[in-house]
Amino acid sequence: MRPDTPAENVDHAAEAARLQRTAALYPEDAEALLLQAAAHLEVSGDRPAATTLYDRLLSSPDGLDNPHLVRALKASNLWEYDHEAEARAIIEGVRTAAPRDPAPWVIVAESLEAHDELEAAHETFTQAVELLLTDVEEPPYATHPLLFGRHRVRRMLGTAHDAWDALADSCTPRRSPWTSCTTPTACGPWALRPRRNCRRRSPACAPNWAPTARPSRARSRSRSSTGRRTNWTNCWRRTRPCPRSTPRTPPTWRR
């Protein structure tokens with residue numbers, strides 16, 4: 001899942017246009033604003049327009065804070081409307097550049113996984129994990145998707161458990177009925193349950209969740225008549241850590 005993907009209950013074309021106007025007013029924030037605009041365009045189905053925004057960013061004379069992330073997002077978007085060869089070339093370029101930020105690695109590896117390139121996805125996840133986590137005592141939170149993604153792909157490939165898989169298991173949050181708000185993302189028809197559970201057990205938890213959207217697993221198997229991948233599902237993702245809540249005092253029953 002790519003970060004900060006917009007929810008579906010908005011006018012994506014209008015929101016993308018608004019963000020582009022805002023980027024013109026605040027050039028110091030243009031990179032973040034245009035990336036959000038491109039995400040809205042992707043969800044709306046206007047993928048060529050999203051590619052145009054990515055190219056606009058990459059050709060910026062001022063440089064970018066994270067050019068590898070922009071290239072990774074561009075590759076993922078290109079593959080979604082049948083520009084596979086160009087997408088593969090960009091992905092190889094990202095791997096060769098070996099960025100120290102985990103986000104580009106997550107994007108390109110999950111793009112390969114979504115298109116059933118499991119061996120290539122496994123190689124990409126592994127390359128990233130070995131680059132960023134070798135001799136690291138405690139994996140940073142931002143690298144957890146790399147460990148989880150690698151573990152997930154290895155299970156689909158039927159590969160035996162190894163040390164990185166064990167590390168992924170150790171990073172998985174241990175949930176209890178009273179700490180369900182630690183769930184990072186909830187998708188599908190049950191998407192509202194974690195937020196409802198948090199709100200019921202700890203009212204302070206509810207504002208820490210925000211709507212987002214991600215492609216369902218069926219999305220990687222289905223295409224619309226126009227060739228665009230479809231079937232997005234509503235999700236809720238935790239935007240801030242939730243306070244630990246304690247069980248409510250049981251009611252006193254009268255006889």
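## Burial and overall make-up

A residue is called buried when its relative accessible area is under 20%, exposed when that area is over 50%, and partly exposed in between, using a 1.4 Å probe and protein chains only. In this predicted model, local features need pLDDT of at least 70 and side-chain atom pairs count only at pLDDT 80 or more, while totals for chains, interfaces and linings use all residues. Residues are numbered from 1 along each chain as its sequence is written, and side-chain values use heavy atoms, with hydrogens and water left out.

Of the 255 residues in the protein, 44% are buried. The secondary structure comprises 10 helices and 3 strands; helices (H or I, at least four residues) and strands (E, at least two) are DSSP runs, numbered from the N terminus. Read from the N terminus, the order of elements is α-α-α-α-α-α-α-α-α-β-α-β-β. Among contacts (heavy atoms within 4.5 Å) with a separation of 6 or more, 59% join residues 24 or more positions apart.

## Confidence of the model

The predictor's confidence in each residue is given by pLDDT, from 0 to 100. The protein has a mean pLDDT of 77, and 65% of its residues reach 70 or more. Over residues 185-251 the pLDDT is below 50, and this stretch has 136 contacts in the model beyond near neighbours in sequence.

Residues 175-183 also have pLDDT under 50. For residues 175-183 the model has 22 contacts beyond four places in sequence.

## Packing of α4 with α3

Two packed helices are described by the angle between their axes and the distance between the axes. Axes are lines fitted to C-alpha atoms, for helices over the stretch in contact, and angles run from 0 to 180 degrees between N-to-C directions. Helix α3 (residues 47-58) packs with helix α4 (residues 67-80) at an angle of about 160 degrees, the axes being 10 Å apart. The two helices α3 and α4 are therefore roughly antiparallel; angles under 35 degrees count as roughly parallel, over 145 as roughly antiparallel, 65 to 115 as roughly perpendicular and the rest as oblique.

The crossing of α3 and α4 is left-handed, a term used if the near helix is turned anticlockwise from the far one by less than a right angle, with right-handed used if clockwise. Residues of α3 in this contact include Ala 50, Tyr 54 and Leu 58, and those of α4 include Val 70, Lys 74 and Glu 80. By class, the contact of α3 with α4 has 8 nonpolar, 2 polar and 5 charged residues. Here Ala, Val, Leu, Ile, Met, Phe, Trp, Tyr, Cys and Pro count as nonpolar, Asp, Glu, Lys and Arg as charged, and the others, Gly among them, as polar.

Glu 80, in helix α4, counts as buried at 5% relative accessibility. Its C-alpha atom is separated by 9.3 Å from that of Glu 42, 38 residues away along the chain.

## Packing of α4 with α6

Helix α4 also packs with α6 at an angle of about 15 degrees, with the axes 8 Å apart. The helices α4 and α6 are therefore roughly parallel, and their crossing is left-handed. His 68, Leu 69, Ala 72, Leu 73, Ser 76 and Trp 79 of α4 meet Ala 103, Pro 104, Ile 107, Val 108, Ser 111 and Leu 112 of α6. These residues divide into 9 nonpolar, 3 polar and no charged.

Two residues of α6 illustrate this region. Ser 111, in helix α6, is buried at 4% relative accessibility; leaving aside residues up to four places away in sequence, Ser 111 touches Ser 76 and Trp 79. Ile 107 likewise has its place in helix α6 (residues 102-114) and counts as buried at 6% relative accessibility.

Helices α7 and α8 pack at an angle of about 145 degrees, with axes 9 Å apart, in a left-handed crossing. Their contact includes Phe 125 and Val 129 of α7, and Leu 146 and Met 156 of α8. By class, 13 nonpolar, 3 polar and 4 charged residues take part.

Asp 135 lies in the loop between α7 (118-133) and α8 (144-157) and is exposed, with a relative accessible area of 79%. Phi of Asp 135 is near 65 degrees, a positive value in a residue other than glycine. Asp 82, in the loop between α4 and α5 (84-97), also has a positive phi near 65 degrees.
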